[in-house]
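User: I'm new to this structure and would like to learn how to read its ring contacts. Could you walk me through them?

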Amino acid sequence: MGNRRLKGNWHIVALAVAVSIITVLTSSYLIIICYILWLGFLFYRRRLGAMLLLLASALLSFFLLYIPAIDSSSFISESSLPEQNFAGRIVGPVEKNATRTQFTFEDYFTNQNFSILYFPKEKERMDFSSHLKTGATCEFTGEPELPDPSTNPGEFNYRYYLSTQKITHQVYIDSLQDISCAGQGTLHRFYTLRTNMMTYLDERLSDTTSAWMKGLVLGDDSAIPEETIELFQRWSLSHLLAISGLHVGLFVAFLYFFLVKCNVMTKEKAQWLIVFLLPAYAIIAGGEPSIWRASTMVICFIFLRKAMKRFSYTDVLSFVFLLLVCFDPYLVYHVGFQLSFLVTFGLLLSQRWIAKTSNLIIQGLKISFVAQMMILPILFHHFYTFQPLSILMNTLIVPYFSIVIIPSMFFFLLFSPFPIISLLDKLFVSLQELLLTILTFFDDNFYYPWSTGWMSIEVAIMYYGLFLAFMYLLQNGLNKQAFLLGTLMTVFVSVVIAAPYFSPYGRVTMLDIGQGDSFVIELPYRRGVFIIDAGAGVSFPEHIPTKTKYKRIIQPYLNSRGIYEIDALIVTHQDVDHSGSIPYLIKDYNPKQLIISDYFQPDRASIDLWEQEGLVVSQVKKGDQLRLGSESFHVLAPMVDKGSPNENSIVLFGEFGGKSWLFTGDISKEEEQELIDVYPSIEIDVLKVAHHGSSTSSDEVFLTKIKPDYSLISVGRDNRYGHPTNEVIETLEKIGTTILRTDDHGAVQFIFKEKNGTFYKFLP
């Protein structure tokens, strides 16, 4: 058929770039092989011209080299640079709040980006940051440091994240007065306008309405309560909190209606104004990839219409995709970028099927179905969970936001100077309270997520192959075949989710939660999941447990392993560094029982929570045997009430992977001596060193008697207690045990099959 024109086939070129991106991100060439075979098939069937084949192949090769590769394994070293002089300019917005000032700085000498951080002194009141402006040229002296890497499986890797923003190091500044800056860039005016608008909204509106307006109009959701954001995330509604194509479409429609229908401008002038205003709005609204995609597509369609050219939506989307990747290749690491293009591409491919019905409810359900199915592998890969009922929830909530909430935000902005805004404000607060009440009800009663852990690229390719074939059959009216393929796809996803239940491997994981303990035990074939202790940090000066370690470490690990239910929580004693995260686990993972000692003294709040959740609480003492799943634990202590939480710690003996394990909580040398007196023949392969390596524990007589091959120490880096002490380390080295500690090695895992197992360190 000869060479075909590019018109109508830009998606093939865009797919070549997407294949290059996936290859760089995953270091897997499987998808390239599949893509080349697909191109060859199209060319053989004469559905692809030679010119298009050549262009796709050229871009495939070019973008393999153009997309920056970021190897997470290269971020493990703790090296830092010496103090140096910086001279360059501020790029991006200067973020300021009560606790810190932060901005990105491009150094002229090294051509690198640095994240500059300043934390105000406790009694500091004056603002010395007025000279910090986007585009300003600055000079200062500082010592670049590598950001902390992730030290646990599933944990968010902040060092890797900064690298995807082209930032290699952080620099902490003692005083903003030490930074000499002059001038400003054009973008500074936009960021200043954004800041002034947020201040204006805070002054004119209630806290609730202002928070939602800043989120839905200006792209800043920091004022929306954390529990609300988490609620939207659990139900895959977080896209409503980010400026996206929906918001841009409503912004354009609102502006066009106001300008044209109110005879302010002609259609021609209104279109030109939109072309100039959309980039400005994209910057003011936070500049997320989704808003740039939507804005660029609108601008492209306006220009095409003026040029009397007709292109398909798929062609325009493909062209915008190529344009944005060429402009900033680091965008491909942005989850919002990935989700935005995947959803839009899926909806465009499915538009004929969606348009087959005129019923708006059915259309909404179809759109929600396609959108959620397109992003399923991304959700599993990044967040490890998916809520199937979110398809229905999106069908109900998205129209509400599209018709009521988001348009009202722009109207509120228009009417904010007038007294009527007070009435509108109260009405909006009532509506949002009703919405959150309904969502909370569903969350409490119908939240049954799929948890699969991390999804491999091979599984994702197979999924997309099945889903695209399924949608092709639906679009062409082959409903019976589509039903059969849909059934196969459901079975496929179910098998992926159920994979841990077919795995003969078990694992014992000592999580690195800093100064505290948390062990997760997973039996083969998922016959049981148990957690021994789950510590938390404390806030200052209140000294109450915080949720940080749970949200940052424990929950991501459990989700990454596809764990959605816990068979037993074992709390050795009530100190916060061992029990502080237990309430969150009880609420989120529905444990079948909580195991504490006879001498555990819970507070009133804990008792109320246990009763509210209907939790089975078992109290144990010396001589008890715990049958958990297919394994047994023997309780060796506490023997008597010592009157102290540490000394009353539960001591557990168990066997995993052909090795005997002893979990000792925070017992002291006195309890260690009692153990070898009562159990004189005890020998241990793996010891959880008591009390984080404190000198009050780990007596040499005790260690020599039990002869552990491996000693595990859960301890915080540079902790103020000096744990583990040199005395304990020397004693452990003297008996020849292998020492594995979280401050040096990160999380430590023992992966076993039947009677054999191996220890693995997360950090080398």
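Analyst: Happy to! Rings of Phe, Tyr and Trp (its six-membered ring) pair if their centres lie within 6.5 Å; planes under 30 degrees apart count as stacked, over 60 as edge-to-face and the rest as tilted. A search of the whole structure finds 46 aromatic pairs. This is a predicted model, where local features need pLDDT of at least 70, side-chain atom pairs count only at pLDDT 80 or more, and totals for chains, interfaces and linings use all residues. Residues are numbered from 1 along each chain as its sequence is written, and side-chain values use heavy atoms, leaving out hydrogens and water.

User: How are the rings of phenylalanine 62 and tyrosine 66 arranged?

Analyst: They are stacked, because their centres are 5.3 Å apart and their planes meet at 15 degrees. Both belong to helix 3 (residues 50-66), four residues apart, or about one helical turn; helices here are DSSP runs of H or I, at least four residues, numbered from the N terminus.

User: What about tyrosine 400 and phenylalanine 401?

Analyst: That pair is edge-to-face, since the ring centres are 5.8 Å apart and the planes are at 85 degrees. Tyrosine 400 is buried at 19%, and phenylalanine 401 is buried at 0%.

Note on methods: Helices (H or I, at least four residues) and strands (E, at least two) are DSSP runs, numbered from the N terminus. Buried means under 20% relative accessible area, exposed over 50%, partly exposed in between (1.4 Å probe, protein chains only).
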